[in-house]
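Thanks for coming, everyone. Let me show you the model first, and then we can walk through it.

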Amino acid sequence: MVESLVVGRGLSKKFGDFTAVDSIDFQIQAGEAFGFLGPNGAGKSSTMRMIGATSPPTSGHLRVLGMDPMVDGIKIRGRLGVVPQEDNLDRELSVYENLLTYGRYFNMARAEIDRRAAELLEFVQLSERRDSRVDPLSGGMKRRLIIARGLINQPELLILDEPTTGLDPQARHVVWDRLYQLKQEGVTLVITTHYMDEAEQLCDRLVVMDKGRIVAEGSPRSLIERYSTRDVLELRFEADARDQALPVIETVAQRTENLPDKVMVYTDNADEAVIRLSNNGVHPISTLIRRSTLEDVFLRLTGRQLIE
Amino acid sequence: MSLLLARLFPPQSRPTRRAGRLLQRNLLVYKHIWMVIIAGFCEPVFYLFAVGVGLGSFVGDVTTAGGQTLSYAAFVAPGLLAASAMNGAIVESTFPIFFKLHYNRTYDAVLATPMRVADITVGEILWAQLRAGIYACGFLALMYVTGLTTSPWAPGAALGALLVGFTFSAAGFAAVTFMRTWHDFDMIQLVILPLFLFSGTFYPLSVYPPFLQPIMQISPLYHGTELLRAFTLGQFDWTLAGHAGVLVLMGTVGLFIISRRLVGTLLK
Amino acid sequence: MNTPRSLMVVEAEYRIYRRTWRGTVLTTWLRPILFLVAMGMGLGALIDRNVNQALGEAGYLAFLAPGLMAASAMQTAITEASWPVRTGIKWRKNYWAQISTPLTTNDLLTGLMIWITIRLLFVSTAFAVVIWVFGAGSFGKALMAVPAATLTGMAFASPLAAFAAWVKEDSTMIAMFRFSIIPLFLFSGAFFPIEQLPDFLEPIVVLSPAWHGVDLCRWIILGTPLTLSIWTELGYLAATMAAGWWAAARQLRKRLIV
Ligand SMILES: Nc1ncnc2c1ncn2[C@@H]1O[C@H](COP(=O)(O)OP(=O)(O)OP(=O)(O)O)[C@@H](O)[C@H]1O
Ligand SMILES: [Mg+2]
């Protein structure tokens, strides 16, 4: 059996009395891209920091690269790349100097850092800003620089906490391409994200967290199969037609959701459902047919309301 | 004419009553305000104690420019009050404002509301004035109690200290708008230290050779010291107006620079 | 070859210093000059009118200079130790980035302390040169006092790093600066012998490492007798530094490893 690169068992993190991560279990295999999804405050970043060997678990078992982060933190961090959620670039330094100093912390030789830095700046399209200060960079540029910084030491395991938040569509695709490429090279990726399309694109497997617990686990496809239907119908009605239509809709759907602006109809065959609705005298003003996505799974598992 | 005025003072550089809101914000944020205030009050007291008690017996009596002979402690006390007003204004306006400007982005958020740049300037300076006033009153009370001043005019020195505070808060704030890293604080120290040492705080300028004395008189703190000393000694003449004028002028120039620079950095 | 990790922190400091050295170099040289001119010569002119047994025969300038050397090292150490720690955690956040690499909080602290030692050696040497130029002491003796002044600074650097790591708000930092540094400076014995103070204050002043530093430097440069034995004085400074170091390591861990 292949040794798992990261193993968490009964892993918990408390801040005072507050439990941020509540006894979670997961295994991340070498070479895969593993995602942590979940609403704000679910405990994703807390988990990331524990894996990154900068935050001691309160209880439970954690192994990263086969080592205990609290014992061999230094060795682990030497083989890790970290892209934190919050910007902590050094504003006293230029773009290039940020990469240089960071690389030096890994005891890399200067010539090697220079080579890597040039390559990485090219990749994140910041070559022209090489000698600029960090402050005047745009939010997305800073984000790209942090990603480049996390890659400076050619990590075996890359921890990305919301890597593409704030990036424009082009930059997001560039980052996705690069992450895919890194995966091909055998780098293991651990990602948190609020973009479901990103999770679907990048992750081989993922867990959904809510209030510190893991509420579902699997590949994006299998999660959709398990927690949603194949298709989704989004129907909009005139104000009064809706109440009459609802009982009919229930008969053609596996599950429905009555939202303020529309009715969501979950079914495995949308085309057939549309025909049956129209045969039964239900005529919405607009009908949208689409495949189920991870977003449907996510909303079903963690609810539509913002609950604190 | 009105066009010229509008060019010189665009709307952003004209404060409104909303400046008070920034004052409120600062009051809210400074949870440990009492600590800052105690520190600000204690500093000149420490100075006075060290210089008056520690050095006083070595120095003996001092003769002022006006020909009055008095104890060293009584001579040095108003100078220390002025120096402390300057120091407080600089320390408390530079560090916090620098971090608010560059790291916390507090002002960016403030300007996203109907608040104007000038409201920020005025609000911050009022805030500094509020504290400076408290320190000055405490110190003057101490001078009365210890008999270092007997002049009925001494309360006027509190106003003088406020003026010194205003001048240097404006100057410090103006300097911060040019700073890029906190290492630049060294530069501020570089200006403050000679002012502190060469403004007639510790001894009359007459100690220096005559050709050096006009140079010392450039120091704004010198004018502050003379102003305060006049009040605590109860000796007035027309030069006072000149001293006050220099301070007002310098503070106003500072205000002008701040408005200009802030509009340039915050609203670009 | 593996360079010790803390040296990487020193290297990073140096990289920033290369950009900001102008201001520091000016203060390094100007501070002693200004102080000696203003207090040593200016105030000295008033003081030397009288005969003062307590200040020795060499005049006020000679009395003041060695003490100021130690007190200056203290001031440098305090600023160089407190703001970098505060900004590293709160504003610049570079400490957070650094601990996600193989660096540990102890490496950060050791690196900072090495850096401050280098700065103190430099600042104190500059002071020694100024003392010699002003004729306030011999160059050889002033140079010999450099290690003592540096040690005095270090006895403040580590406790201040601990304080800055503990602080939650900038206003506390500022209050500390005004509340403690100025008194430490004024009552260090640099400006006047502490026998001038009321009796109850003397034992309190003796607790301050600054007083030990001033006493040591004055002994080396001016040849006044030491108040306590040399080992007590050195030991006290070293112990303060060690205690501060321990506290700083603890506080940094507490703040950063959460
Ligand atoms: N240093 C800390 N001290 C106290 N509480 C903390 C700390 N860090 C996180 N928390 C709390 O732990 C919970 C989980 O936080 P965490 O940052 O892990 O969430 P997250 O899943 O990353 O959320 P987001 O999607 O918003 O980034 C939150 O309620 C947060 O307030
Ligand atoms: Mg997070």
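Start just after helix α1 of chain A, where A:A53 takes a positive phi of about 60°. Helices here are DSSP runs of H or I with at least four residues, strands are E runs of at least two, and both are numbered from the N terminus.

Some ground rules. This is a predicted model, where local features need pLDDT of at least 70, side-chain atom pairs count only at pLDDT 80 or more, and totals for chains, interfaces and linings use all residues. Residues are numbered from 1 along each chain as its sequence is written, chains are lettered from A and ligands numbered from 1 in the order in which they are written, and side-chain values use heavy atoms, leaving out hydrogens and water.

Back to α1 of chain A. How many of its eight residues are buried? Seven of them are. Buried means under 20% relative accessible area, exposed means over 50%, and partly exposed is in between, using a 1.4 Å probe and protein chains only. The buried ones include A:K44, A:S45 and A:S46.

Those names come back at ligand 1. There are 14 residues around this ligand, and A:G41, A:K44, A:S45, A:S46 and A:H194 come nearest. To count as near, a residue needs a heavy atom within 4 Å. Which element gives the most to this shell? It is α1 of chain A, with four residues. By class, the shell has four nonpolar, seven polar and three charged residues. In this scheme Ala, Val, Leu, Ile, Met, Phe, Trp, Tyr, Cys and Pro are nonpolar, Asp, Glu, Lys and Arg are charged, and the others, Gly among them, are polar.

Now the polar contacts. These are pairs of N or O atoms within 3.5 Å; within protein, one must be able to donate a hydrogen and the other to accept it, and residues adjacent in sequence count only if both atoms are side-chain atoms. The side chain of A:S46 has an N or O atom 2.6 Å from a ligand 1 oxygen. For A:G41, a backbone N or O atom lies 2.8 Å from a ligand oxygen. For A:N40, the side chain is at 3.0 Å from one. Taken alone, ligand 1 exposes 630 Å², and the protein buries 66% of that. Accessible areas come from the Shrake-Rupley method with a 1.4 Å probe; for residues, only the protein chains shown count as cover.

Next, chain A as a whole. It has eleven helices and 13 strands. Of its 308 residues, 54% are buried.

On to salt bridges. One needs a side-chain nitrogen of Lys or Arg within 4 Å of a carboxyl oxygen of Asp or Glu. The whole structure has 28 of them over all chains. Take A:E119 and A:R178, whose closest N and O atoms are 3.9 Å apart. A:E119 lies in α4 of chain A and A:R178 in α6, so the pair ties together parts 59 residues apart in sequence. A:E119 is partly exposed at 38% relative accessible area, while A:R178 is buried at 13%.

Another bridge joins A:R276 and A:E272, at 3.8 Å. Both sit in α10 of chain A, four residues apart, so about one helical turn separates them. A:R276 is partly exposed at 36%, and A:E272 is partly exposed at 44%. Bridges that share partners also join A:E234, A:K262, A:R290 and A:D296 into one network.

That's my tour. Questions, please.
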